[in-house]
Structures are given as structure tokens and as C-alpha cells.
Amino acid sequence: MQIRINGQLLLLMLAEKLTQIGCRIFNINTDGVIFVIKKNKLQQYQQICKEWEQISRLTLEEDRFEAMYQYAINDYIAIKEGYSQSKDPKLIKTKGMFITEVKLGKGLTPKIIPEAIVKYFADGIPVKDTIYNCTDIKKFLMSEKTGKQWHVEYMNKEQQRTNRFYASTNGGYLWKWKDNNGSKAYQNMLTASGVTILNAFDNKPIEERKINYRYYLKEALKIIEELQPRQLNLFT
């Protein structure tokens, strides 16, 4: 606790000094500050950082971004300087809902959605192209684990409590229910679309899976519409 509070106070001191030279602060997290600075203030900025390191006895690290799209504090896409020329995927930093890789121990969400959003902002690729051209069913999958108080039903048949599924045009709705004074209290596990359960992988071709592409497209576009007005063009 002492380390965390002390670190946050030190970062606050750094942010205060940055605002004094005209920096616009967008985010202060537990371990960093995101801000915009004019190029003619870079020398002053570097001096402030040097003095801060001497006071704090800590070493700062720096990333410069061409653009940043932030949905929430820990949900963002940051395109690092140099990406426009190199197209090196290592220069794209994603966090939270925009991570395109499955993380162990985390709930499964459709990775095609953040992938389409990242490609749209970083490379100008239409969201529809990324989603409709994807041939990996794993990127469309989502999952939900229900507690012991719930029963799960699909197409009028009881299912296991943890299920992996994708939005489909020919599937049924996936429901969970629990007893409510002798009656069943139902909740739809994906209200926007019917689903197909895929707890065991098979070799069925992607074109035969009846994926509800419109569901994934709508979800991606919904996030893009919220992000576009918040775009930060940095160091211009």
C-alpha cells in the first residue's frame, strides 16, 4: 500500500508539472500518464522528466503514439510511432476489451470483434471485410460459466453449466434459469442472436456453420461509433 500510494503521488506530481508547460493529460493510471504535448515543448518535457527521476529515484519509460483509441481506462488501442511506415504488429498495443488473443483464466469473448476494430483504426480495413473473410471459427466463439444455482437449456434440452458457442442464423437461444418460489426465472445468455453450441471442435467448413455475421458486425460498429469522436492524434 505504501509503494502504491507513494507511486501515485509521484505520478501526480509529474502530471502537475506537465500541465504547467501546456500538456493535455488524458489518463493517469497506477503506473503511467498518457498526455499530448506540442513538439516545441519536448525539450522542457525532457527536463521535467530528468528532474522527476532525480527526486523519485525512479526511471521513466516512454512510448510515443501516432494515435490512441480509448474506450475506458484499461480498454484501449495505442498505435505506436513508426507503425504507418513499418506495419509491424508489435507497434500496436492493445489492452482490455481490445486484446485479440485468448488469455488463460479469462472468460472467452469473440476475438474477431477486437481484431476487426484494430484493423479498422490501424490499417483502414473495413470491419465487414475482416469479419466476413475470417475462416477461423475459434475467433467467433464466446463462453459463459454459470453457478450451481442455474440450469442451462438449449432447444428445450438441459445442458452443462459451462458452454462455448457462437452467434448463428439457424441456432436457438441459450437460456439459464433458476427456481423462483416454484417457478423458473429465465435469462437469455445472448439476447441479440440465436447461437450454436460448440463445446467440441469438429472439421465442418466455415461456410456451413451459418454464422450470424451481422451480430459480430453490429457489435464492432457499435464500439467504433463510440471511439471515433474520442480519437487522439498525438504529436501533431
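1. I28 is found in strand 1 (residues 24-28); strands (E, at least two residues) and helices (H or I, at least four) are DSSP runs numbered from the N terminus. At 37% relative accessibility, I28 counts as partly exposed, because buried means under 20% relative accessible area, exposed over 50%, and partly exposed in between (1.4 Å probe, protein chains only). The model is predicted: local features need pLDDT of at least 70 and side-chain atom pairs pLDDT 80 or more, while totals for chains, interfaces and linings use all residues. Residues are numbered from 1 along each chain as its sequence is written, and side-chain values use heavy atoms, with hydrogens and water left out.

2. I28 also belongs to a nonpolar surface patch with M1, I5, L9 and L12, for which the accessible area together is about 520 Å². Such a patch takes residues with over 30% relative accessible area and no salt bridge, nonpolar side chains (Val, Leu, Ile, Met, Phe, Trp, Tyr) being joined within 5 Å and like charges within 9 Å. Areas come from the Shrake-Rupley method with a 1.4 Å probe, and for residues only the protein chains shown count as cover. Helix 1 (residues 2-19) gives the most to this patch, with 3 residues.

3. The structure holds 10 aromatic pairs (rings of Phe, Tyr and Trp, the latter by its six-membered ring, with centres within 6.5 Å; planes under 30 degrees apart are stacked, over 60 edge-to-face, the rest tilted). Among them, W175 and Y186 are edge-to-face, at 6.0 Å centre to centre and 90° between the planes. W175 lies in strand 10 (residues 174-180) and Y186 in strand 11 (residues 183-188), so this pair ties together parts 11 residues apart in sequence. Y215 and Y216 form another edge-to-face pair, at 5.0 Å and 80°.

4. E115 pairs with K119 at 3.3 Å between the closest N and O atoms, and with K139 at 2.9 Å. Salt bridges that share partners join E115, K119 and K139 into one network.

5. K176 takes part in two contacts: a salt bridge with E144 (3.0 Å, N to O), and a charged end that sits over the ring of W150, 4.7 Å from its centre. The latter term requires NZ of Lys or CZ of Arg within 6 Å of the ring centre and within 35 degrees of the ring normal. K176 counts as buried, at 13% relative accessibility.

Terms used
A salt bridge is a side-chain nitrogen of Lys or Arg within 4 Å of a carboxyl oxygen of Asp or Glu.
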